[in-house]
Amino acid sequence: MPAMTPDVPMIAAAQLKKRFGSNEVLRGVSLSVAHGEVVALIGPSGSGKSTFLRCLNQLETIDAGEIRIAGELLVGTDAQGQCRYAPEAEARRLCRKSGMVFQHFNLFPHLTVLENLIEAPMVVAGLARAEALQRAERLLAKVGLSAKRDSYPARLSGGQKQRVAIARALAMEPEIMLFDEPTSALDPELTGEVLRTMRELADERMTMLVVTHEMGFAREVAHTVAFMDEGELVVQRAAREFFADPGHERAQAFLDHML
Ligand code: ADP
Ligand code: MG
């Protein structure tokens, strides 16, 4: 196993290609995320951001390219151009290094908040109930929702649901957090509490790849901005530089539209 040095990217995707039928959704996308780095992935709707994110934890398979997680090969392409995934147990272990938060929360509606948090640690990670509960209580306190431990998701606001979803992802102790437009489904007055939770995670040096339309978050919290358009990663540069000069016509047009 490669040593955990800051030089080895936590995510290294190279030349990812993906098509749905005749629709070429990823056209050779390369992006890496360093240990402790926060990358904001931005771009127009339909540009392939969600698909890219889903490929990183095998919610989608790729057609070509290579993905390394913390230096280890999840999938590569052989000399014949065939995609080769790591053996199943190995792939599962690598995918478990990342936690994912979706736009629509995806909480289990028939489980309470606390039960949502202990499910995967017990069933997938094999934790004893007491240990899973202890972890869940700690994470609920962290996202400021201890009082909601016995509530069902339907009784929570969108912002609270999303904070529970973040806590649930953290309960598997991921090394990487993937966010797919975590605030896009929320009323504007509820986005702040979710962005605050994400900012705290960033302050703790969590490695984060965040698909977002929140340019304020991208500017203030992300170290790096990556701009995608029509299945291509057009530009990836330091956030400060990007907002001063996106360096590409399509990125500039997108930014002008967003700001
Ligand atoms: P974004 O997240 O940037 O809005 P997506 O990755 O969701 O973009 O979608 C990129 C393209 O891939 C779109 O044209 C979308 O319709 C298509 N697409 C995404 N998922 C699927 C799927 N499961 N089956 C077929 N087409 C899909
Ligand atoms: Mg999307």
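Predicted model: local features only at pLDDT ≥ 70, side-chain atom pairs only at ≥ 80, totals over all residues.
Taken as a whole, the protein chain folds into nine helices and 11 strands. Its C-alpha trace spans about 50 × 45 × 40 Å along the principal axes. A compact globule of 259 residues would have a radius of gyration near 18 Å, and the chain's own value is 18 Å, so the two agree. Some 41% of the 259 residues count as buried. Of the contacts between residues at least 6 apart in sequence, 62% join residues at least 24 apart. As for annotation, an unreviewed UniProt entry places "domain: ABC transporter" over residues 11–255. That span is 36% helix and 28% strand, and its end C-alpha atoms lie 26 Å apart.

One of the sheets is open and has five strands, ordered β2-β1-β4-β5-β6, with antiparallel pairing. At its edges stand β2 (23–33) and β6 (83–85); each has a single partner strand, so one side of each is left without a neighbour in the sheet. From one strand to the next, the twist averages 20 degrees. Further in, β4 (residues 64–69) and β5 (residues 72–77) run antiparallel and are joined by three bridges. One pairing to look for here is Ile 69, whose bridge partner in β5 is Glu 72. Helix α1 (residues 49–56) packs on this sheet, where it touches β1 (11–20), β2 and β4. The direction of α1 makes about 120 degrees with that of β1.

The other sheet described here is also open, but it has six strands and mixed pairing, in the order β7-β8-β9-β3-β10-β11. Its edge strands, β7 (98–101) and β11 (232–238), each pair on one side only. Neighbouring strands are turned by 15 degrees against each other on average, direction ignored. At the β7 end, β7 pairs with β8 (residues 176–180) in the parallel sense, over four bridges. Within this pair, Met 100 stands opposite Leu 178 in β8.

In soluble globular proteins, nonpolar side chains tend to be buried together. The largest nonpolar core of this model holds 72 residues, and the members that touch the most others are Val 39, Ala 40, Leu 41, Ala 167, Leu 209 and Val 210. Helix α5 (residues 158–170) supplies the largest share of this core, with six residues. Leu 41 makes a handy point of entry: leaving aside residues up to four places away in sequence, Leu 41 touches Lys 49, Leu 209, Val 210, Val 211, Ala 226 and Met 228.

How values were computed. Residues numbered from 1 in each chain as written. Chains lettered and ligands numbered in written order. Core = buried A, V, L, I, M, F, W, Y, C linked by C-beta atoms within 7 Å. Buried ≥ 20, exposed ≤ 12 C-beta atoms within 10 Å, placed from the backbone. Helix = DSSP H or I, 4+ residues; strand = E, 2+ residues; numbered from the N terminus. Contact = placed C-beta atoms within 7 Å. Pairing = 2+ DSSP bridges. Axes fitted to C-alpha atoms, helices over the stretch in contact; angles between N-to-C directions. Rg over C-alpha atoms; globule rule 2.2 N^0.38 Å. UniProt positions renumbered as here; feature names shortened; annotations may be inferred.
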